[in-house]
Amino acid sequence: QRMQLGDAKAAEIKAVSIGKTFGAFRALKDLSLDIGRGEFLTLLGPSGSGKTTFLMILAGFTAPSEGRLMMDGKDITDVPAEDRSYGMVFQGYALFPHLTVEQNIAFPLKVRGRSSADIKRRVGEMVERVGLTGHEKKLPTKLSGGQQQRVALARALAFEPSVLLLDEPFSALDKNLREMMQEEVKRLHQETGTTFVFVTHDQSEALALSSRVAIFNHGELLQVGRPQDVYERPENRFVAEFLGEINLLPLDALRLDGDKAAGQFEDRTIVLSQTRPQIGPKAVAAVRPEHMTIAAIPQNAGHNAIACWIEDATYLGAVTKYHLKTRSGTSIAVSMPTAATAPFAHRSDVWVSWPTEQGFLLPHQNET
Ligand code: ATP
């Protein structure tokens, strides 16, 4: 008797101390993660960080070397992939080339022994849902990349899986099409309410789509949180730098005082918010370029104002990006809304400042 799983509309998954070794190589280290019912969780990290390995363990294609995997309170570590019955969408569309659009979408329903009336209704619904009406009889080779990916999505969702796994599904598409497909996936997630686990190495894709983002590096889960939490309060330098450009200013004479921290940078006092309970004696002040402003005179009376000169300015339409140098030669990047600022002349002396709550403290070295 086979265990029946995946009947619930959206499943909840709990990974407990998952490890994976390939020979002597540790691809995943002690990974614990709860994926909530109906959540859109993105696994984000550079190439080789272990995202796909973890997704394959979730799918049941790869057995973990250590740890357990739970779904809706049941231990599914040893349940084979076909009994987990998750939907899957991969980078290569993996459509059946000899089957038409509707035959591709019908396939998982046929395998599950659904009645032909049920299959017809469900395929019609999915074709409409992903905007492929009129293309039902076409073979995959007659479709664009975006259309093929829509077929793959429809096929993966046709049997109402409790979990949908997506591995870099849009990395082969150009930027505009990728953004369109992101919208599409976001909408499908809202409409189906299914648990989505999405793999990408693209930080903007992760921030745009997810209810939470899990950041991987070297087989370790470094941080998991809502997009605004991981972007605005990264816990270490890798997460801070992977999610976007950031200014890091080494601090001397660090003083911690409750949820505030203060230190010296080039004889100026820097005051920051401090969310890490423990930090070494050496730390850096971290501030995103869009949180800094440039002015001819210091904006804050006593702190968070640094004398700089403008090395370079790049007009990017909505924002203008400035590259500055401090007296000691530290580089600082500032991006400001073009409409809100008069351009600053090349090589002019300016002050860079930012509000206390927009800066935060990070350890000096990467602690992983
Ligand atoms: P990418 O974005 O490039 O797919 P990833 O974060 O998904 O990267 P994984 O594919 O999970 O990374 O790979 C993690 C590490 O494990 C890599 O160094 C990879 O070479 C290694 N690895 C994965 N599968 C195997 C395997 N079957 N045998 C040996 N090593 C493997």
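The dialogue below goes from the confidence of the model to the chain and then to one residue.

Visitor: What does the chain average in pLDDT?

Guide: pLDDT is the predictor's confidence in each residue, from 0 to 100. The chain averages 89, and 94% of the residues score at least 70. Over residues 1-8, however, the pLDDT is below 50, although this stretch has 17 contacts in the model beyond near neighbours in sequence. A contact joins two residues whose C-beta atoms, placed from the backbone, lie within 7 Å. Where pLDDT is low, the predicted coordinates should not be read in detail.

Guide: This is a predicted model, in which local features need pLDDT of at least 70, side-chain atom pairs count only at pLDDT 80 or more, and totals for chains, interfaces and linings use all residues. Residues are numbered from 1 along each chain as its sequence is written.

Visitor: How many helices and strands does the chain have?

Guide: Both are DSSP runs numbered from the N terminus: helices (H or I, at least four residues) and strands (E, at least two). Here there are nine helices and 20 strands.

Visitor: Is Ile332 buried or exposed?

Guide: A residue is buried if 20 or more other C-beta atoms, placed from the backbone, lie within 10 Å of its own, exposed if 12 or fewer, and partly exposed in between. Ile332 is buried because 20 other C-beta atoms lie within 10 Å. Ile332 belongs to strand 18, residues 331-337.

Visitor: Which residues does Ile332 touch, not counting those up to four places away in sequence?

Guide: They are Asn247, Cys308, Leu324, Thr326 and Val352.
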